[in-house]
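Colleague: I have not looked at this one before. Can you take me through its pockets?
Modeller: Here it is.

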Amino acid sequence: MLEDEEDDPDRVPKVEFSAFAKGLAERIRKNGALTLAEYMQACIAEYYGSREPFGKEGDFITSPEVSQMFGELIGAWIADLWTQMGKPAKAMIAELGPGKGTLSSDIMRILGTWPDCRAAMSLHLVENSLALREEQAALLKDYAPKFYDRVEDLPEGPLFLVANEFLDALPVRQYVRKNKKWYEKMVTFDDKAGEFAWALREQPVDISPPKGYPKPIERDIFEINDGARAVVETVSRRIDKHGGAALFIDYGPDKPTYDDSTQSYKRHKRVDVLRNPGGQDVTANVDFSALVAVAEPIVQVHGPVMQGEFLLRLGIVERAEALCLATKDPHIRGKERLAVRRLTGLTDMGAKFKMLGLTKKGSGLNPAGFN
Ligand SMILES: C[S@@+](CC[C@H](N)C(=O)[O-])C[C@H]1O[C@@H](n2cnc3c(N)ncnc32)[C@H](O)[C@@H]1O
């Protein structure tokens, strides 16, 4: 999500803790501090299970919510690869963390342009929020989607998988460099201040950042997303076995860096990650170099490339012009032109987000948008 980058937690007033936050504080009092990953996992499940975070009235906006063009171009990307694969009679579209279901809806609708491709596809959604599942099922009822808790549960077969801002919602662990050792970052509750607070585990841990990281200095933070790496490995193995392609879209640096990248947004403003547990999203940068390292031995890796480059190569400008020609409504015309700028702009989502593609090694598939 890209919003006002003002990093000023004071802009949003302190909140009354919810029953969930009080429960979390109690859990810490009873069992001791949580790892950052445990804290994120609990907060994210509560957040997506209990509210509607997307869009203008929500906390942040994602690319599929900016314009239908985003999903339509990804749909065309899939149809092209399905054709390159020799038009398998049965294949799956899978989306990880579909939010409101908008991306899958735009993909499935545009696939109607290629009826034989549309007829071959079934829709599979990996979503762990029951509230969002209901919303997705209602929006996508014409496509009879099937739901799964985990990527591992997806059925076997040729797979076209998309994940927009899913990996950034998976919990990360952090280690802080102190006296030439790494200490895990923990979340505790400060009873005196009545606030959640950061702490370090007392004992150092024996870890070393992988190749590519610079030599650490004092107070460096090494962040690791085991969940994201496991998802990419599972998807890579599926593609290796059954063929198909995957497209991961997320934000994060090209090169490994020592940084605390966790962030929370409330009403489109950045807020302190510990401010309102369960009442705000908590995400972290995706380490694309770590994902490439996991995928490369198994599948053909494409990119990462910037979202703006990818969408321009796929013809977002032409699609916007076609949508503008199809309407006399100046409001819609303005909206689509603005969406092109938002989704591709170098100071906007176009540069912040990156696309990482995976195809089966030796399949000869040439996914559009990467060169
Ligand atoms: C930031 S939203 C992205 C929504 C959507 N892809 C979009 O672009 O609008 C993250 C989504 O991932 C889901 N999610 C988060 N953690 C998950 C997990 N561990 N397993 C399955 N779904 C998860 C959330 O419920 C939500 O649908």
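Colleague: What volume does the largest pocket have?
Modeller: About 840 Å³. Keep in mind that this is a predicted model.

Colleague: How many residues line the largest pocket, and which lie nearest its centre?
Modeller: The lining has 36 residues. Nearest the centre are Ile 44, Asn 128, Phe 166, Ala 169 and Leu 170.

Colleague: Which helices each supply at least two residues of that lining?
Modeller: Helix H2 (36-50), helix H3 (63-66), helix H5 (102-111) and helix H8 (226-242) each do.

Colleague: And which gives the most to the lining of the largest pocket?
Modeller: That is H2, with five residues.

Colleague: How do the residues of that lining divide into nonpolar, polar and charged?
Modeller: In the largest pocket, 19 are nonpolar, eight are polar and nine are charged.

Colleague: Moving on. What is the volume of the second largest pocket?
Modeller: The second largest pocket has about 400 Å³.

Colleague: Which residues lie nearest its centre?
Modeller: Tyr 213, Glu 223, Asp 287, Ser 289 and Ala 290, out of 24 residues that line the second largest pocket. Strand E9 (221-224), H8 and helix H9 (288-295) are the elements that give two or more residues to this lining.

Conventions:
Residues numbered from 1 in each chain as written. Predicted model: local features only at pLDDT ≥ 70, side-chain atom pairs only at ≥ 80, totals over all residues. Heavy atoms only, no water. 1 Å grid on protein atoms, 1.4 Å probe; cavity = no way out; pocket = protein on both sides within 12 Å on 5 of 7 lines; lining within 4 Å. Points joined across faces, edges and corners; volume = space filled by probe spheres on them. Helix = DSSP H or I, 4+ residues; strand = E, 2+ residues; numbered from the N terminus. Nonpolar A, V, L, I, M, F, W, Y, C, P; charged D, E, K, R; others polar.
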